[in-house]
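Colleague: I am new to reading protein models, and I would like to go through one slowly with you. Could we look at it together?

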Amino acid sequence: MSFEQLDALYRRVIMDHYKKPRNKGVLPDGNVTIDMNNPTCGDRIRLTMKEKDGIIEDVKFEGEGCSISMASASMMTQLIKGKDINTALKLSRIFSFMVQGKDYDDEQLDLGDIEALHGVSKFPARIKCATLAWKAMEKGLLSTNE
């Protein structure tokens, strides 16, 4: 597959998550709620998670923002649902390195659709958009472990 074909595929994955977000909404029985925003561009997110015994049983998001921000939130919720907290935090570190263009070790973890956001590293202004939901997830999970 050529670079152009791969780039087009990644764009389709991003737009699919933006137009048909997965896990959009609020969990009425969630025990972790985090609100965050990116003041430089106006993206905002509310992330609700149901965490029990160190496992993210369910996760949903709502908010407004650019296609990168909302697609990233959709992809993240799919990826972390059912995972333990340590794995979710590991995935967040890997994602952060990936979108910054840094070397990362995926540690045999399936990155799923989030690999489509690898190209964000070419656009430094969009990194905060891509990582907003992930930062919210980190903040929420780290606050439950205190």
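Modeller: We will take the sheet, then a pair of helices, then a pair of rings.

Modeller: This is a predicted model, in which local features need pLDDT of at least 70 and side-chain atom pairs count only at pLDDT 80 or more, while totals for chains, interfaces and linings use all residues. Residues are numbered from 1 along each chain as its sequence is written, and side-chain values use heavy atoms, with hydrogens and water left out.

Colleague: How do I read the sheet, and what is the order of its strands?

Modeller: Strands are DSSP runs of E with at least two residues, helices are runs of H or I with at least four, and both are numbered from the N terminus; two strands pair if DSSP finds at least two bridges between them. Here an open sheet of 3 strands has the order 1-2-3, with antiparallel pairing. Strand 1 and strand 3 are at the edges with a single partner strand each, so one side of each has no neighbour in the sheet.

Colleague: How many bridges join strand 1 to strand 2, and how many join strand 2 to strand 3?

Modeller: Strand 1 (residues 32–38) and strand 2 (residues 43–52) share 7 bridges, and Thr-33 has Thr-48 as its bridge partner. Between strand 2 and strand 3 (residues 55–64) there are 9 bridges, with Arg-46 partnered by Glu-62 and Ile-45 by Gly-63.

Colleague: What do the turns look like, and which residue takes a positive phi in the hairpin of strand 2 and strand 3?

Modeller: That hairpin has 2 residues between its strands, and Asp-53 takes a positive phi near 55°. The hairpin of strand 1 and strand 2 has 4 residues between the strands, and Gly-42 in its turn has a positive phi of about 95°.

Colleague: How are two packed helices described?

Modeller: They are described by the angle between their axes and the distance between the axes. Axes are lines fitted to C-alpha atoms, for helices over the stretch in contact, with angles from 0 to 180 degrees between N-to-C directions. The axes of helix 2 (residues 67–80) and helix 4 (residues 127–144) come within 7 Å and cross at roughly 40°. Helix 2 and helix 4 are therefore oblique to each other, since angles under 35 degrees count as roughly parallel, over 145 as roughly antiparallel, 65 to 115 as roughly perpendicular and the rest as oblique.

Colleague: Which rings form the aromatic pair, and why is the pair called stacked?

Modeller: Rings of Phe, Tyr and Trp (its six-membered ring) pair if their centres lie within 6.5 Å, and planes under 30 degrees apart count as stacked, over 60 as edge-to-face and the rest as tilted. The count comes to 1 aromatic pair. The rings of Phe-95 and Trp-134 have centres 4.5 Å apart and planes at 15°, so the pair is stacked.
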